[in-house]
Amino acid sequence: MRRISLIFVIASIFSPLGAAADNGEEIFDRKCSQCHTFAMAQAMLEPVQESERPAHLKTFLETHPPKLNDSEKAAVIQALSRKK
Ligand code: HEC
């Protein structure tokens, strides 16, 4: 049982489909969820056009706490840029 879930976790980490986006949501849960959930951030982004979200978020996250490294930031931006 334990081994099966481990294989599942490894398979989902390396799965090419949606891996980066899921990873972004996971990073968000770890580093950003003290103040608001991923769903709340998505809701606040509702007025921003999907196509403008990457640029909007890149600027926003320059000053928004806490700091993420570049790859974490890219993953979070990709996840938040997908319309829910
Ligand atoms: C210290 C509390 C706090 C933490 C930690 C925090 N946020 Fe926020 N966040 C807020 C508040 C308050 C707002 C609403 C006001 C504003 O826009 O600044 C907000 C708004 C947002 C928005 C809406 C942007 C918009 O255009 O209105 C996004 C996206 C967001 N946060 C992403 C993140 C991400 C990603 C992280 C982790 C790197 C994070 N937040 C961590 C407090 C926080």
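User: At what angle do helix H4 and helix H5 pack, and how far apart are their axes?

Analyst: This is a predicted model, in which local features need pLDDT of at least 70 and side-chain atom pairs count only at pLDDT 80 or more, while totals for chains, interfaces and linings use all residues. Residues are numbered from 1 along each chain as its sequence is written. Helices are DSSP runs of H or I with at least four residues, strands are runs of E with at least two, and both are numbered from the N terminus; axes are lines fitted to C-alpha atoms, for helices over the stretch in contact, and angles run from 0 to 180 degrees between N-to-C directions. On that basis H4 (residues 53–63) and H5 (residues 70–81) pack at about 135 degrees, with their axes 9 Å apart.

User: Which orientation class do H4 and H5 fall into?

Analyst: Angles under 35 degrees count as roughly parallel, over 145 as roughly antiparallel, 65 to 115 as roughly perpendicular and the rest as oblique. The angle of H4 to H5 is about 135 degrees, and the two helices are therefore oblique to each other.

User: Which residues of H5 does H4 meet?

Analyst: Two residues are in contact if their C-beta atoms, placed from the backbone, lie within 7 Å. From H4, the residues involved are Arg53, Pro54, Leu57, Lys58 and Leu61, and in H5 they meet Lys73, Ile77, Leu80 and Ser81.

User: Where is Pro66 found, and which residue does a cis peptide bond join to Pro66?

Analyst: Most peptide bonds are trans. Pro66 is found in the loop between H4 and H5, and a cis peptide bond, with omega of about -15 degrees, joins Pro66 to Pro65.

User: Is Cys32 buried or exposed?

Analyst: A residue is buried if 20 or more other C-beta atoms lie within 10 Å of its own, exposed if 12 or fewer, and partly exposed in between, with C-beta atoms placed from the backbone. Cys32 lies in the loop between H2 and H3. With 20 other C-beta atoms within 10 Å, Cys32 is buried.

User: How many residues surround the ligand, and which helices each supply at least two residues of the shell?

Analyst: A residue is near a molecule if its C-beta atom, placed from the backbone, lies within 6 Å of it. The ligand is surrounded by 17 residues, and the closest are Cys32, Cys35, Ala41, Met44 and Val76. The C-alpha atoms of Cys32 and Val76 are separated by 9.9 Å, although these residues are 44 residues apart along the chain. At least two residues of the shell come from each of H2 (19–31), H3 (38–44), H4 and H5.
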